[in-house]
Protein chains: 2
Amino acid sequence: MTRVFNFSAGPAVLPVPVLEQVRDELLDWRGGGMSVMEMSHRDKDFMSIAAEAEQDLRALLAIPANYKVLFMQGGATAQFAAVPLNLLRGKASADYIVNGAWGVKAAKECTKYGQANIAAQASPFNHIPARETWRLDPNAAYVHYTPNETIEGVEFGAVPDVGSVPLVADFSSTFLSRPLDVSKFGLIYAGAQKNAGPAGLTFVVVREDLLGQCLPAAPTIFDYKVVADNDSMLNTPSCFAWYVSGLVFKWLQREGGLAEIGRRNERKAALLYDCIDSTPLYHNPVATADRSWMNIVFTLADAALDAEFLEGAAKAGLPGLKGHRVVGGMRASLYNAMPEAGVIALVEYMKAFARSHG
Amino acid sequence: MTRVFNFSAGPAVLPVPVLEQVRDELLDWRGGGMSVMEMSHRDKDFMSIAAEAEQDLRALLAIPANYKVLFMQGGATAQFAAVPLNLLRGKASADYIVNGAWGVKAAKECTKYGQANIAAQASPFNHIPARETWRLDPNAAYVHYTPNETIEGVEFGAVPDVGSVPLVADFSSTFLSRPLDVSKFGLIYAGAQKNAGPAGLTFVVVREDLLGQCLPAAPTIFDYKVVADNDSMLNTPSCFAWYVSGLVFKWLQREGGLAEIGRRNERKAALLYDCIDSTPLYHNPVATADRSWMNIVFTLADAALDAEFLEGAAKAGLPGLKGHRVVGGMRASLYNAMPEAGVIALVEYMKAFARSHG
């Protein structure tokens, strides 16, 4: 078996030791004679897997005690609805900072339930609007932003200060990629399928005082308070994804935690941006300060070479580089589980391709 | 490794050949160098896995061409909301036939969006109300029922005739357990985690003419039309569960399809009911004609023996027999993947236990 370096934007590369453990205990978890996939979610074995995953996630992110951790389904797209349904709390509007395609979708879904005030919007989506230009409403129910825009490769380097209005963030593609001060947020959410596990699981970390005012029109499984009161087991959760994510959390701990992971991610991104910036064939359109560590987009000077570039990359064991259909070009996703060796292999391929197409 | 006979009600036993295949290709699906968990849902490999699963499901159930098959998230509990959100279509009410705890929950969730008319309700939940007692409203948006109540072990032997009003059914715990005439339904849905795969995936089979009138308050991921128009990939689906379910569908085909599976399930259930009925220590409270093939509940004549019974069963490699907390007693779930050998082992254990506690 030859493993490739998979640059897919999500679902995405997972740590090999995690996959090996999943494989090794697939038919028999710790001698119990059944797969984790076959365990009742009410069984003490699965309850221990679930509780340990939450505990490890809390430790990794140093989540304060007054925050609930929820394990939900439906991805960030479900949260685009769940956030206004739960957090509008009788207020007329919420503020949205939009610097990419996912922010657009989040704001649009909010309009089903209340007004989405676009407090700032980048145009084009190649930078983050300067903080002093944001038209924030002090009466907004919350301020929503997207720390990392997966499609355009634009990332916030720091958490913005929005005063006392609860800050809400879609961390899907940069979850656990570096340390985070959770206490600055009212709520963060993230689909698992980028940096934390298989698709089908969504993490929600929410400050307790924001719970309990969900709109009655919300499906019960969207009511954070109900989900929290039932320890994310109001109904059968996405058990297997929960288990695999728990193994990813253990792996992150063994690798040194988020401070070390953040250093690695910064270094990996720098390797690739250096190659792009120093090679005339490649171009990244994002403002330098706002470049993503996770999703690095680039175009070739001649788009007619795209197909050949992608084909050669796939043959070299570097699949998943095709950019999102909306923006075209290339995208290399360098999530936590992408080793530095993968980035080096990509840079070598890109340099060789540039030399042979100079 | 010693596999047990797992009688859990869900998540539940999966076919060993399926688990073995999942294990064998866990790090490398067909030489591509990555796990199915790591594949982009837009990748051609995953698209082929997804399409093949749908095709196999259509073949197993002989789903007519004018029905859409959707792969959603959130389990039956999400569908309790999605059904009225999509199918009320401007009508004031829907009819609910209630013969167990899940039917109660389905009807209750409907009241968020319209009136749930309880057209029939069993009391207690140990039988199905006689068809001639149902007070059906010819103007109802749909008639909802639960073909198999997982907690009480009550199952419809045949599909009820409700005239021209669309029939909607929560098949979660009896999905693919025997042949089904899908054309009798407006919509059927089922969580995967009983008879078809890991938790985190929900199947919806819906007649096309019922699509397109979703209430605007519905989260977009609940809108069947939008999900159908996007081939269940509006956002990242529960990819790995989709893949495993596809392997279960292949296994069902190899085993002879639903007619053969139905014969086996009937035989397995008869073995256990015979033991219960012929042993004074055990009692099943369900009307004979309405007894479930999938979830067989029984009590011990002396509840003080429950703990010893369960402990002995677990030691004998027969876990998962504890009844739902609402009804107590025991429950043996005999899903498709439970081999007859498992039922025989259970019957032997029960007879021996009865002899030593006579």
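This note goes through the predicted model point by point, from conventions to local backbone features.

1. **Conventions.** The model is predicted: local features need pLDDT of at least 70, side-chain atom pairs count only at pLDDT 80 or more, and totals for chains, interfaces and linings use all residues. Residues are numbered from 1 along each chain as its sequence is written, while chains are lettered from A and ligands numbered from 1 in the order in which they are written.

2. **Chain A overall.** Chain A holds 9 helices and 12 strands. Both are DSSP runs numbered from the N terminus: helices are H or I with at least four residues, strands are E with at least two. The radius of gyration is 21 Å, which agrees with the value near 21 Å for a compact globule of 358 residues. That radius is taken over C-alpha atoms, and the globule rule is 2.2 Å times the number of residues to the power 0.38. The C-alpha trace spans about 60 × 60 × 30 Å along its principal axes. Of the 358 residues, 54% count as buried (20 or more other C-beta atoms within 10 Å of the residue's own; exposed is 12 or fewer, partly exposed in between; C-beta atoms are placed from the backbone).

3. **Domains of chain A.** Domain 1 covers 17-254 and domain 2 covers 257-356; the bounds come from an automatic or database domain assignment. Their centres, over C-alpha atoms, are 27 Å apart. The contact draws 23 residues from domain 1 and 24 residues from domain 2. Contact means C-beta atoms, placed from the backbone, within 7 Å. On the domain 1 side, strand S6 (154-155) and helix H6 (239-254) of chain A give two or more residues each.

4. Pairing requires at least two DSSP bridges between two strands. S1(B) and S9(B) (residues 202-207) pair antiparallel over 6 bridges, with Phe71(B) opposite Phe203(B).

5. **Chain interface.** In chain B, 56 residues are in contact with 56 residues of chain A. Helices H1 (16-24), H3 (75-87) and H6 (239-254) of chain B each supply at least two residues to that side. The chain B side has 28 nonpolar, 21 polar and 7 charged residues. Ala, Val, Leu, Ile, Met, Phe, Trp, Tyr, Cys and Pro count as nonpolar, Asp, Glu, Lys and Arg as charged, and the others, Gly among them, as polar.

6. **Backbone points to check.** Most residues other than glycine have a negative phi, and most peptide bonds are trans. The Ser123(A) to Pro124(A) bond is cis, with omega near -10°; Pro124(A) sits in the loop between S3 and S4 of chain A. The Gly10(B) to Pro11(B) bond is cis, with omega near -10°. Phi of Asp231(A) is near 50°, and this residue counts as partly exposed because it has 16 C-beta neighbours inside 10 Å. Phi of Leu176(B) is near 65°; Leu176(B) counts as buried, with 25 such neighbours inside 10 Å.

Methods:
Contact = placed C-beta atoms within 7 Å.
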